[in-house]
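Please read it next to the sequence and the structure.

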Amino acid sequence: MLDLDVTIMPKMDRFRSVLIGVASLAVFVVAWQAITMATNSPFLPTPVQVFQAFLKISTIGDIDGYTLWWHIGVSLYRVLLGFAVAVITAVPLGLLMGVKPLVKNVASPITEIIRFIPPIAWIPLSIILLSGINRYIFLLWIGIFFPILLDTIAGVKRTSETQVNMAKSFGADNTAIIKKIIFPSALPEIMNGLRVGLGVGWMCIVAAEMMGGEPVGLGRLILKYANLLQIDVVVLGMVVIGLIGLAMNYLLLSGERRLFKWRVEIKA
Amino acid sequence: MIIAKGLSKSFIAGNDTISVIDNLDLTIDEGKFACIVGPSGCGKTTLLKILCGLEKQTSGSMLIHGQPPDPKKQRFGVIFQEDSLLPWLNVISNVKLGLELYRIKDADQIATKYLDMVGLEGFEKYYPHQISGGMKKRVAIARALAVDPEIILMDEPFADLDAQTRSIMQKELLSIWSKLNKTIVFITHNVDEAVFIGQSVSVLTKRPTKVKTTVSIDLDYPRSRLSPPFISYRERILGLLQEEISSL
Ligand SMILES: Nc1ncnc2c1ncn2[C@@H]1O[C@H](COP(=O)(O)OP(=O)(O)OP(=O)(O)O)[C@@H](O)[C@H]1O
Ligand SMILES: [Mg+2]
């Protein structure tokens, strides 16, 4: 479902909740520091060590000379390519499946099986069949396609029959009805699918990069340093993945809020 | 000129076939303001959908200028019973929708003109959820009028409005009609409203429906609700309608 059930909080409350959030994070980091210092294990880096790793990898680079920014850029590039391919394929198919029962009956036996095969299970096959960027695009597409497809179909169902009749009464053909009525009706759900899909894709890319291929990408960075038992960089990679995932989710969410202001206000 | 002859319509719902319109005859002349009243659920909306080609009759014929209705070939201005504004578009974009679908030029200018006509100047940038029910109906009317339709079809357009607004809207609709000189088919279940605005009032029977009687209202506009002929028309049509409702 759409994540817009936000009650508009008063200003003071929002400020307080941010404050609490920051405090909670600080407590987490302090607890982390305390635990690692107490255990004193070479495999549990402290937050300070992770920050030092950040300074090193982001300026000097890793053992192969790639900086953190380069790893981030390559991973993002792969995700966005896979994401684009998934959007271009899933949205039209979802619209068609939502509008034409025949298309749905033909496509859904296939999609309903494939969607339960996790992207990770496709990795061995894709290593054998595909190479270079194509392999990443394929794995991401497999991961991102289904959330978008399902949400698009669900969105089409929200279309109001009266609105379709209204468009028909102005002589609208099927293309115009999809463009003017069905697509905008489904758009909030589609956007939700995009957001979920991007999150799934971001998780897929890390897994895909760990399975070999070029020595760049955040997944690959983690793997390289895990093999060297330099856990500070491993944890750095994990933290960066989390933060970028958060940032992407936030960007799409605030885009959704702006785009569907009318919908939030109707509910409020 | 609208001519329905032996018009019948039935729906298949599950295993049942329900007959909604049965052998209905109706003629509406060019430029007339024709009202249709009928008991609740008798098939008024179904008749309106056949009138604009949204539904096909099961048998019989419906002809507009000798042609079966088809919004791709003729222009209709339909005001639906339910809210049909697009909530993601602002008022002016809603009014422009029909113009865009018919690829009519100067959509902005035309839309503004009809918004002014229904008294909504200044509300162009508002969204449907920011305006009242009566204003929404006005937007729907502006949207229908903007495409310069040959025929305007209205399905209980003022049903949700309070008495005050309803009475204002009736007068405004009459003044728009006298300016534009279009054929209007106006469905209502409110007999007072029908006698106030219609040149003729066709009373439908209960389902499966047909035209019971068409009463021609020979009164000049503006009509007074207190005049004896008005009251007698109203009583007569109420009586006809009452027969249908009490025999349900
Ligand atoms: N698509 C449909 N499938 C099956 N039955 C339908 C369909 N459309 C309408 N009906 C039935 O036809 C009958 C008449 O419906 P219609 O909407 O035309 O009535 P109405 O006179 O407009 O009612 P109201 O006064 O409530 O607006 C109803 O019994 C309804 O259940
Ligand atoms: Mg109706």
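Strand β1 (residues 2–13) of chain B is joined to β2(B) by nine bridges, and the two run antiparallel. Within this pairing, Ile2(B) has Ile28(B) of β2(B) as its bridge partner. Strands are DSSP runs of E with at least two residues, helices runs of H or I with at least four, both numbered from the N terminus; two strands pair if DSSP finds at least two bridges between them.

This is a predicted model: local features need pLDDT of at least 70 and side-chain atom pairs count only at pLDDT 80 or more, while totals for chains, interfaces and linings use all residues. Residues are numbered from 1 along each chain as its sequence is written, chains are lettered from A and ligands numbered from 1 in the order in which they are written, and side-chain values use heavy atoms, with hydrogens and water left out.

The open sheet has three strands in the order β2-β1-β4 (chain B), paired antiparallel. Its edge strands are β2 (16–28) and β4 (59–64) of chain B.

The magnesium ion (ligand 2) has two protein donors, at 1.9 to 2.3 Å. Donors are N, O and S atoms within 2.8 Å of the metal (3.2 Å for Na, K and Ca). Both are listed below with relative accessibility; partly exposed lies between buried (under 20%) and exposed (over 50%), with a 1.4 Å probe and protein chains only.

| Donor | Relative accessibility |
|---|---|
| Thr45(B) (OG1) | 23%, partly exposed |
| Gln81(B) (OE1) | 29%, partly exposed |

Thr45(B) lies in helix α1 (residues 44–51) of chain B and Gln81(B) in the loop between β5 (76–79) and α2 (91–101) of chain B, so the pair ties together parts 36 residues apart in sequence.
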